[in-house]
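Have a look at the fold, then read on.

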Amino acid sequence: MTGTAPGAPAGRTRPAMPAWWWSTAPRPGAIAVAHVAGEPGDVERVLLGLCGRPAPPAGQVEWRRFGTVDDGVVARVSPGHALVMPHAGPRIRELLDARMDALGARTAAGPAPMDAYPEAADAVEACMLGVLSRAASPAAIDLLAAQPARWRAAGWSPGHEGLPDARDLRLRRLLDPARVAIVGPANAGKSTLLNALAGRTVAIAHDEPGTTRDAVCARIDFASVVADVFDTPGVRAGMDAVERAAAELAARALECADLVVELTAPGLGWAAPPRAAGTPVLRVLNQCDRPEARSCAERADAALAVSARTREGCAQLVAAVREALVPQADVLDPRPWRFA
Ligand SMILES: Nc1nc2c(ncn2[C@@H]2O[C@H](COP(=O)(O)OP(=O)(O)OP(=O)(O)O)[C@@H](O)[C@H]2O)c(=O)[nH]1
Ligand SMILES: [Mg+2]
């Protein structure tokens, strides 16, 4: 199979499987645009699998449900090229990527944005500048700036050679913030810790158990690595309907978390709510300013002891979260990074 589907990544031969790529940034918004391109029969098959109904004929635009993920519009530009337009949001995008992967569509880099960056020396540099413009973490800047030279030395172009490996994906957390969920028993100090990390009051903290009754999230800079941190309600006996609803929201935040911070305080034990298999966990003892913290049973199992009130240990916590999300070894690794 040769030739390039209309609108497919410029200058590339068409892959054996239909290609799947996004031409909008992975941010919340009204609408996102993704492309499927390949042999007409493959495009037809993948769209049928995604929507449960045949794709619209070439030149037509029709509403479709994308399985249980979302609904939106499919525009069939030509037999071998369709636009899939769901609502814009990182989670929807992630789920659609997984679905398309399961259907056999191959994730591809979008067209190099040479038109948008005429000052770029080549397509890799243009691509890097496009990614740089939306990178969330300050730590991405130097690393991205180093990539064109590394790719030139390697003779590759990002997204073109092979699938991203585990390091590539961890480093992509510098572009799209990772998710961190703080969980633990009521009154452990989860909301106080979120406020301490954010440097402002984003969540109400109070000595009454069950204070947090909604999912609260703040974007926090962990020493140049930015992440979205979710405060969750502490699980306790006798939760009312609002708390139970909040706990369900928290369960969803936990499912998609890249890192779970299990927080407790002297005498409260560890609450280990169910989470996706393989999600790393950082066990943290809070309230270490209290005298009981020195000899409490929880201390032995904690990787770190902090005080959200006095901020003792918070710098170490920031460093540990950063290392868990984007290990320094990945940043210092001189190999090129498939950032696109
Ligand atoms: N001494 C001390 N008290 C703390 C610390 N962190 C939180 N507290 C207190 O512990 C109480 C509970 O704090 P919250 O942050 O509301 O606890 P939470 O885990 O969010 O509780 P829920 O929302 O009910 O699950 C408040 O009175 C806080 O002031 C700390 O580091 N040291
Ligand atoms: Mg709370």
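Two strands count as paired if DSSP finds at least two bridges between them. This is a predicted model, where local features need pLDDT of at least 70, side-chain atom pairs count only at pLDDT 80 or more, and totals for chains, interfaces and linings use all residues. Residues are numbered from 1 along each chain as its sequence is written, chains are lettered from A and ligands numbered from 1 in the order in which they are written, and side-chain values use heavy atoms, with hydrogens and water left out.

Q: How do you know that β3 and β4 pair?
A: DSSP has to find at least two bridges, and β3 (61-66) and β4 (residues 70-78) have 6 in the antiparallel sense. Arginine 65 stands opposite aspartate 71 in β4. The two strands form a hairpin with 3 residues between them, and glycine 67 in the turn has a positive phi of about 60°.

Q: What makes β4 and β5 a pair?
A: Again it's the bridges: 5 of them join β4 to β5 (residues 81-85), and the strands run antiparallel. Alanine 75 has leucine 83 in β5 as its bridge partner. Here the hairpin has 2 residues between the strands.

Q: Why are α1 and α2 called oblique?
A: Axes are lines fitted to C-alpha atoms, for helices over the stretch in contact, and angles run from 0 to 180 degrees between N-to-C directions. Under 35 degrees is roughly parallel, over 145 roughly antiparallel, 65 to 115 roughly perpendicular, and the rest oblique. α1 (residues 40-51) and α2 (residues 90-102) pack at about 130°, with axes 10 Å apart, so they are oblique to each other.

Q: Which residues meet where α1 packs on α2?
A: Val46, Gly49 and Leu50 in α1 meet Leu96, Arg99 and Met100 in α2, with contact meaning heavy atoms within 4.5 Å. They divide into 4 nonpolar, 1 polar and 1 charged; Ala, Val, Leu, Ile, Met, Phe, Trp, Tyr, Cys and Pro are nonpolar, Asp, Glu, Lys and Arg charged, and the others, Gly among them, polar.

Q: What makes α3 and α4 roughly antiparallel?
A: Their angle. α3 (residues 123-132) and α4 (residues 140-154) pack at about 165°, with axes 9 Å apart, and therefore count as roughly antiparallel. By class, their contact has 9 nonpolar, no polar and 2 charged residues.

Q: Why is glycine 52 called exposed?
A: Relative accessible area under 20% is buried, over 50% exposed, and in between partly exposed (1.4 Å probe, protein chains only). Glycine 52 comes in at 60%, so exposed it is. This glycine sits in the loop between α1 and β3, with its C-alpha 7.1 Å from that of glycine 67.

Methods
Helices (H or I, at least four residues) and strands (E, at least two) are DSSP runs, numbered from the N terminus.
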